[in-house]
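Here is a friendly walk through one protein model, from its strands to its charged pairs. Please keep the sequence and the 3D view open as you read.

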Amino acid sequence: MVIPLVQVVRDGLVESVHFGSRVVLGPGGEVLEAGGDVDEPGYPRSTAKLMQAAGMVRLGLDLPPDLLALASASHSAEEFHLDGARKILGELTEDDLQCPAHLPHDPVLHDLWIAEGRAPRRLAHNCSGKHAAMLATAKLNGWSTHDYLDPAHPLQVKLAETVAELAGEPIAHTAVDGCGAPLFAISLRGLATAVQRVATAPPVTPEHRVADAIRRHPEMLAGPNRDVTQLMTAVPGLIAKDGAEAVQIAVLPDGVTVAVKIADGSARGRMPATLAALRRFAPRYDWDDVVNRCPSLHAPNMVGL
């Protein structure tokens, strides 16, 4: 059963409520809070990219930190994102990508492309960095590239194994994500466990390389106008990642981990619900100051519970 996580308050009266599930883990993986359907299978959506990127590094993918962060990204299609995806592709081309052609995820860039008459592109899809990395990993291992999204492809089999290992539970169901890639269902508790293991992994490990890349290049993970990038910039060492249908994770430098799923899929609820948990379980940070320094974190009338 889901629980209330966010209220929308107007002139002192509650106007709307977002329900969902949330789990908070302490630095050692102990459960500090668990509310809602935290043990039911669900789709982690793009938050799974951290584990998928770690799986590709395990398979030999060797990228500089900025490009490895892009392989974990839901990017905004800034020009530096497009250039980075091209670099990951190497001798492969945009035509080899099997993500759909899209306009930029960032609303300002989206409108600018339309005003300039620019057509949707595969490179502009927010998942193109992940897809480029999947192609590069398949090529590196001598696997076919035309069917790299097939759940039975060796790449996807290995990535599923990595997700299950990091989550500490079996994959409950395999579906197709919005970008066309296989999507592995795990519980919210499993998601929190997995991202914590990536964020706190020992040096030299593939997981540490992914976490270090994201911390060094938060602009590659989303974009300068996006809330997760602004939050990571305001709190050095924090890792945050959003996913479709209002999934959100955040891991502090000491390992405290928050995983949220808003039941109605409304993205406006994911960050207030996350910040409410961070305020409660990491009071040493001045969260009011963090919010004030991050324009995209402002959520008028919204109160995280």
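## The S4-S6-S5 sheet

In what order do the 3 strands of the open sheet stand, and is the pairing parallel or antiparallel? The order is S4-S6-S5, and the pairing is antiparallel. Strand S4 (41-42) and strand S5 (173-176) are the edge strands, each with a single partner, so one side of each has no neighbour in the sheet. Before going further, a word on the basis: this is a predicted model, in which local features need pLDDT of at least 70 and side-chain atom pairs count only at pLDDT 80 or more, while totals for chains, interfaces and linings use all residues. Residues are numbered from 1 along each chain as its sequence is written, and side-chain values use heavy atoms, with hydrogens and water left out. Strands (E, at least two residues) and helices (H or I, at least four) are DSSP runs numbered from the N terminus, and two strands count as paired if DSSP finds at least two bridges between them.

Let us take the pairings one by one. S5 and strand S6 (residues 182-187) are joined in the antiparallel sense by 4 bridges, and Ala175 has Leu183 in S6 as its bridge partner. S5 and S6 also make a hairpin with 5 residues between them, where Gly180 in the turn has a positive phi of about 100 degrees. On the S4 side, 2 bridges link S4 to S6, again antiparallel, with Pro41 facing Ser187 as its bridge partner in S6.

How many of the 6 residues of S6 are buried? The count is 6 of the 6, so S6 is largely enclosed by the rest of the structure. Buried here means under 20% relative accessible area, exposed means over 50%, and partly exposed is in between (1.4 Å probe, protein chains only).

In a regular strand, side chains alternate between the two faces of the sheet. In S6, Pro182, Phe184 and Ile186 point one way, whereas Leu183, Ala185 and Ser187 point the other way, and all are buried.

Strand S2 (residues 13-25) is where Phe19 sits. S2 pairs with strand S3 (residues 31-35) over 4 bridges in the antiparallel sense, and Val23 stands opposite Ala34 in S3. The two strands form a hairpin with 5 residues between them, and Gly29 in the turn has a positive phi of about 90 degrees.

Phe19 is partly exposed, at a relative accessible area of 37%. Together with Val2, Val14 and Val17, Phe19 makes a nonpolar surface patch of about 280 Å². Patches are built from residues with over 30% relative accessible area and no salt bridge, with like charges joined within 9 Å and nonpolar side chains (Val, Leu, Ile, Met, Phe, Trp, Tyr) within 5 Å; the areas come from the Shrake-Rupley method with a 1.4 Å probe, and for residues only the protein chains shown count as cover.

His125 lies in the loop between helix H4 (107-115) and helix H5 (128-140). His125 is buried, with a relative accessible area of 3%. Leaving aside residues up to four places away in sequence, His125 touches His75, Cys99, Pro100, His102, Gly178 and Cys179 (a contact being heavy atoms within 4.5 Å).

In helix H8 (residues 206-216), the buried residues include Glu207, Val210, Ala211, Ala213 and Ile214. Viewed down the H8 axis, the buried residues fall within an arc of 160 degrees, so they line one face of the helix; the arc is taken from the directions from the helix axis to the C-beta atoms.

## Salt bridges

A salt bridge is a side-chain nitrogen of Lys or Arg within 4 Å of a carboxyl oxygen of Asp or Glu, and by this rule the count is 21. Glu15 and Arg10 form one, with their closest N and O atoms 2.9 Å apart. Glu15 is partly exposed at 47% relative accessibility, and Arg10 is partly exposed at 46%.

Asp242 forms a salt bridge with Arg270, the closest N and O atoms being 3.8 Å apart. Asp242 is in strand S7 (residues 239-243) and Arg270 in helix H11 (residues 270-281), so the pair ties together parts that are 28 residues apart in sequence. Salt bridges with shared partners join Arg226, Asp227, Lys241, Asp242 and Arg270 into one network. Asp242 is buried, with a relative accessible area of 9%, and Arg270 is buried, also with 9%.
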